[in-house]
Amino acid sequence: MSIKESLLTIKSELPDTVTLVAVSKTKPVSDLEEAYAAGQRIFGENKIQEMTQKWEVMPKDIQWHMIGHVQTNKVKYMAEYVSLVHGIDSLKLLKEINKQAKKHNRVINCLLQMHIAEESTKFGLDKEELDNLITSDVFKTLENVNVVGLMGMATFTDDKNQVKKEFATLKEIFSSLQSIKSTNLDVKILSMGMSGDYKLAMDQGSTMVRIGSSIFGSRNYS
Ligand SMILES: *Cc1c(COP(=O)(O)O)cnc(C)c1O
């Protein structure tokens, strides 16, 4: 299937309540252009430098999502244009994003990444760290960031029950946060689900899926 066909097939499976992030990491600009021509306007990348190079050459009505682990010293390169940062796992990182966003007179939307998988290699906060972050005095002073939701990755396993359980846990935390609102906290996006598990994620209440290989084909890391 072509990129266009894959994209349109996946889109036809998503209800209106679920936003598709086309994960284009490692893929050439020509692949992104094909998806763009098929109507896709939200792209996800996991390396700031690669995303910035693509942002420079692609049409300016694209929303760029940073879905990978963010290095504090690289935030400055994306602060001008990034539309959503999915992988926030510390107050330190949020402070840096706030600082760089201020320089560009912007408010940058962010998702807090929760650790829901069994693997210890996956980044993210646990519930206690989440609570500490959002109730801290420093967080409330960050005027140039907006926390608009949560992101999580399930364990990489064939065990559907395990994946379902992890997504359900994330959804529960998400729901519990929706009643807490402050000037820079208004939780409405639940980013969960990738090529292998987005249907399970949608069943558990995902509002944003991040899909790469099912659109662009498998990636070659060389
Ligand atoms: C690469 C990546 C995806 C997309 O993975 P696919 O399995 O190719 O759909 C989604 N989310 C994150 C955080 C990723 O790094």
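**Exercise 1.** Find the buried residues of helix α1 (residues 3–13) and say how they sit around the helix axis.

*Solution.* Start with the list: Ile3, Ser6, Leu7 and Ile10 are the buried ones in α1, where buried means under 20% relative accessible area with a 1.4 Å probe, protein chains only. These residues span an arc of only 100 degrees around the axis, so they lie on the same side of α1. Next, look at what covers them: β1 (19–23), α2 (29–37) and α9 (198–203) are among the elements that do.

A quick note on the model: it is predicted, so local features need pLDDT of at least 70, side-chain atom pairs count only at pLDDT 80 or more, and totals for chains, interfaces and linings use all residues. Residues are numbered from 1 along each chain as its sequence is written, and side-chain values use heavy atoms, with hydrogens and water left out.

**Exercise 2.** Work out how helix α6 (residues 127–135) packs with helix α8 (residues 160–177).

*Solution.* First, take the angle, about 25 degrees, and the separation of the axes, 12 Å. Angles under 35 degrees count as roughly parallel, so α6 and α8 are roughly parallel to each other. Then see who touches: α6 brings Lys127, Leu130 and Ile134, while α8 brings Ile173, Ser176 and Leu177 (contact means heavy atoms within 4.5 Å). By type, the contact of α6 with α8 has four nonpolar residues, one polar and one charged.

**Exercise 3.** Is lysine 165 buried or exposed?

*Solution.* Locate lysine 165 in helix α8. Its relative accessible area is 55%, and exposed means over 50%, so lysine 165 is exposed.

Key
Axes are lines fitted to C-alpha atoms, for helices over the stretch in contact, and angles run from 0 to 180 degrees between N-to-C directions. Helices (H or I, at least four residues) and strands (E, at least two) are DSSP runs, numbered from the N terminus. Angles under 35 degrees count as roughly parallel, over 145 as roughly antiparallel, 65 to 115 as roughly perpendicular and the rest as oblique. Ala, Val, Leu, Ile, Met, Phe, Trp, Tyr, Cys and Pro count as nonpolar, Asp, Glu, Lys and Arg as charged, and the others, Gly among them, as polar. The arc is that of the directions from the helix axis to the C-beta atoms.
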